[in-house]
Amino acid sequence: MEQWMETLESRLLVGRSEEVKAFLDILEDDRRTKRLIHLYGTAGVGKSCLLDELQRQTKIRGMASIVLDSEGFWRSPDALCMHILKSLDKAEPDNGDKVDASLLERTTRTLNAMAQNGRLVFFLDNYEMMESLDHWFREYFISALHSNVLVVTAGRHALPGAWAISPVWRPRMARFHLAHLSREAVERYAHYCQISDPSLIGDIWQRSKGHPLTLSLLAFFWEQGMPPGGDESNTEEADSLPFIVNQWLREIPGEHMRPFVEAASVLRSFNQDSLAFIMEREVATTEFYQLIRFSFVRRTDNGWTIHALMREAVNRELRLRSPQLYERLQSRAIIYAYERFRQAPRESRDREALELTYYAGDALIQALMHWFDPTPLPFEPVGADNREELEQYIRYRQETAASQTIKLFDPLTNRPFEFKLTAEQHLHSLKWFNLDRLLALDYDVLRVMRSETGRIAVLIATVPINRKTMPYLLEHPCARPYFASLTAEELKRFTVPEHTRSGWFIDMVDQDDYESAAQHTAIGHYLHSLMFTGEFLLRTPPPHPFFTAAHESLGFDVASAFHTSYDGVTPTPIFVRDTQGDQLDAYIRKLVKRSGCRIELPLDERQATESGINPDRAAGGRIPKLDGLTAREQEVAALVADGLTNGEIAARLYLSEVTVKKHLKSIFEKQDVSSRTQLVRKMLQ
């Protein structure tokens, strides 16, 4: 059965025979001339389907493979290495491993051992999310792999220019740009789907224009006897992603399944349990299977997920139509993710922390990121070859700086934001920009976003923190005060070898138009992506309310050190974000509280201990009953002692949160206490 399904899926992959043949030629080339293949193209063009086919071809030939998705881990060197080792059940060191071997060394040694006697193919999807790892991935990770290891990446964009200009990598990589399918391929796909009417095939071609995702969706509707909606004369409609989403929405029968789709869209990945929790009702197995049969739902290694295009469209519509319902679902999602985070082993909570970081975000950061635009303009790395263009950008900025007003708006909360910048403040971010010093670091530290005309519109410098860059950081007027405030022992944490990093110094973020929503969107998404490295971040932006509020919204803390380097007078805060070790708990709690969701987080073990509460008993031991309470109030009090939030108690007892709050108010009055902690302490006395 499985073999039959794989054969059918291979037949349905039309129009990609050249790419498959080229892959097989590289795979079977005994000279091992190519070490990397990169597939790239727009959303819905079929990258993941082609990756699946290449995996099948690898399997058919009896070769080993590893498959990872960049969405599933923090984008840091250690996190990627640990994810690879976990996928191979090698997370713990082998007996022969040195205790002090780095994760990079352990990972490459493990992969090279697997490839010692034959091909090993490493597939990595969604490579566009790996931007902060690209330099390390190229210079340290792939370079250390055996020639038998073939790396296949897939993403929306071409690889950064550093790959193409590298004399080492240019001849050792192949790039496959996935374009739309030809008319002949569309006709062949239609025949495989038992569609033979020439007029129907012509209509499918006219609507899809060879876009694979649109094609498969249209074929699905014709097979179901449901002609797709939309104006047939509008040939532009099918070229747009909203057209795909509109067709998907037509799959949902009546109103019964709509709440399930909305709840599943709030969750990044879901299963029957998580869906029931955030919907606050039982989800029947028949209902769940009806949901996952929709064409916009796909299986993942962590459950199921709504296709990103559909998820964003449903969330956007729900935010606008019913902001209270959206907030309720999001709050429940945060509670569920936070409980999973608390219960996961401390040494392996990355996935849960990553999930929480995605959900949480206050009104300003949502406005800053123009939250309803999931596809911001991309950044690209630049270097010495772009020196003249970079110098021209600096001159342009210095000559055209003028006062501006930053206006942002969060549709979810209907909250506007307005900040004024003088011409002098407009240039503060460039004050300590040293192009020669940054290029001399020999890392991909510079990123630019271009306007529609190709001109640089935004310039960002992010410096990895390690032994090699520390002299630069100790000289930088904005970074020096922080590192100078550390003890010699504390500084050791940051002086790691040059092939890795202990975090990032966000040196500079400069834009030519502070009134541009597109630029704020791109910058917001870029800074947000650095949060998903799970690493230490250091940033000291100009002392302006806009920059201060933005970094507080991103979850940064203010360090004790400060400086006056921008204007020689104004004290400038130094922002840090530290999620390593024991700092992760505090950061997650802070981020959730800043999300704007009105939820109460249960005590963690340390806080419970400091409050005099035995966490073992509070988590489910036998709790004495209190006098004077009704049966329902006894149930509520017991669940409070178990560490449940109001929302969780409401779900457990099938009550509304308003009713739970009324019960708690009554309990507090009867027991003469004013907080949950006092109530639990009284129950445990």
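**Note on the predicted model: cavities and the parallel sheet**

1. In this predicted model, local features need pLDDT of at least 70, side-chain atom pairs count only at pLDDT 80 or more, and totals for chains, interfaces and linings use all residues. Residues are numbered from 1 along each chain as its sequence is written, and side-chain values use heavy atoms, with hydrogens and water left out.

2. The lining of the second largest cavity comprises 9 nonpolar residues, 3 polar and 1 charged. Here Ala, Val, Leu, Ile, Met, Phe, Trp, Tyr, Cys and Pro are nonpolar, Asp, Glu, Lys and Arg are charged, and the others, Gly among them, are polar. Nearest the centre of this cavity, within a lining of 13 residues, lie Val509, Ile523, Leu527, Phe546 and Phe547. A cavity is a set of points on a 1 Å grid over the protein atoms alone where a 1.4 Å probe fits but cannot get out, and lining residues have an atom within 4 Å of a point.

3. The volume of the second largest cavity is about 140 Å³, a volume being the space filled by probe spheres set on the points, with grid points joined across faces, edges and corners. Strand S13 (503–511), helix H25 (517–531) and helix H26 (545–553) each contribute at least two lining residues; H26 gives the most, with 4. Helices (H or I, at least four residues) and strands (E, at least two) are DSSP runs, numbered from the N terminus.

4. Of its 20 lining residues, His135, Tyr443, Pro464, Arg501 and Trp504 are the closest to the centre. The lining of the largest cavity has 8 nonpolar, 6 polar and 6 charged residues. Helix H6 (134–141) supplies the largest share, 4 residues; strand S12 (456–464), like H6, supplies at least two.

5. Strand S1 (residues 36–40) runs parallel to S5 and is joined to it by 5 bridges; Leu36 has Met173 as its bridge partner in S5.

How values were computed: Two strands pair if DSSP finds at least two bridges between them. On a 1 Å grid over the protein atoms alone, a cavity is a set of points where a 1.4 Å probe fits but cannot get out, and a pocket is an open set with protein on both sides within 12 Å along at least five of seven lines; lining residues have an atom within 4 Å of a point.
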